[in-house]
Amino acid sequence: MALPQNHRLKHRQEFSAVYRLGLRRSTSHIVLRALRTKPGSAVPIDSAESERKAEPLPPTRIGISVSQKVSKRAVVRNRIKRRLRAGFRQLLPQIPAGWQIVIVVRPEAIWCDYEQFLRELKQLLIEAEVIHGHSRGDLL
């Protein structure tokens, strides 16, 4: 099962913005790039009221990058992407709205299994303060 459509980064410009402006955290197998998006402009609730209500944050969107440096074989690269997407599906309810996240896979990741990816993803999300309220002892 894939990530829901509204939770995917798809365009080169979106990836470039996260690379250029986002923060960076890494482990030996994956690199996390995360960018907090701003809500839309404030819109008036009622023309008679001076209060303004901010638009809700957009949903968190995720992109995964696995280059041919990791493996020349598409089967291996796709397996890694499937494992990472499965990990994100499990962690998505804990991630607040308004983030753009890109995961870059390092060549050493071809030896990782699903549990190790999940552990490293959660660790990186906590370090980047995407997931709040967890200490390092709470890791899987």
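The dialogue below walks through a predicted model of one protein chain.

Visitor: How many helices and strands are there in the protein chain, and in what order do the elements run?

Guide: The model is predicted, and its protein chain has three helices and six strands. Read from the N terminus, the elements go α-β-β-β-β-β-α-β-α.

Visitor: What holds the strands of a sheet together?

Guide: In general, strands of a sheet pair through backbone hydrogen bonds, in a parallel or an antiparallel arrangement. Here, four strands form an open sheet in the order S1-S2-S6-S5, and the pairing is mixed. S1 and S5 are the edge strands, each pairing on one side only. From one strand to the next, the twist averages 20°.

Visitor: In which sense do S2 and S6 pair, parallel or antiparallel?

Guide: S2 and S6 are antiparallel, with seven bridges between them. To locate one of the residue pairs, take Leu 32, whose bridge partner in S6 is Ile 103.

Visitor: Where does helix H3 lie?

Guide: Helix H3 lies across S1, S2 and S6, at about 40° to S2. H3 covers residues 114-127, which is 14 residues. Its span from first to last C-alpha is 20 Å, close to the 20 Å expected at 1.5 Å a residue. After H3 comes Glu 129, which has a positive phi near 60°.

Visitor: Which residues of H3 are buried, and what covers them?

Guide: A residue counts as buried when its relative accessible area is under 20%. In H3 the buried residues are Phe 117, Leu 118, Glu 120, Leu 121, Lys 122, Leu 124, Leu 125 and Ile 126. Their cover includes strand S1 (23-26), strand S2 (30-36), strand S6 (99-105) and helix H2 (74-91).

Visitor: How many salt bridges does the structure hold, and which side chains meet there?

Guide: A salt bridge needs a side-chain nitrogen of Lys or Arg within 4 Å of a carboxyl oxygen of Asp or Glu. The structure holds one, between the side chains of Arg 61 and Glu 14, at 2.4 Å from N to O. Arg 61 is in strand S5 (residues 61-65) and Glu 14 in helix H1 (residues 12-21), so the pair ties together parts 47 residues apart in sequence.

Visitor: Is Glu 14 buried or exposed?

Guide: Glu 14 counts as buried because its relative accessibility is 17%.

Visitor: What do the totals for the protein chain show?

Guide: Of the 140 residues, 38% are buried. Among contacts with a separation of 6 or more, 70% join residues 24 or more positions apart. The accessible surface is about 8,400 Å², and carbon and sulfur atoms account for 50% of it.

Key
Residues numbered from 1 in each chain as written. Predicted model: local features only at pLDDT ≥ 70, side-chain atom pairs only at ≥ 80, totals over all residues. Heavy atoms only, no water. Helix = DSSP H or I, 4+ residues; strand = E, 2+ residues; numbered from the N terminus. Buried < 20%, exposed > 50% of the residue type's maximum accessible area, 1.4 Å probe, protein only. Expected span 1.5 Å × (residues − 1). Contact = heavy atoms within 4.5 Å. Pairing = 2+ DSSP bridges. Axes fitted to C-alpha atoms, helices over the stretch in contact; angles between N-to-C directions. Areas by Shrake-Rupley, 256 points an atom, 1.4 Å probe, with all protein chains shown as cover.
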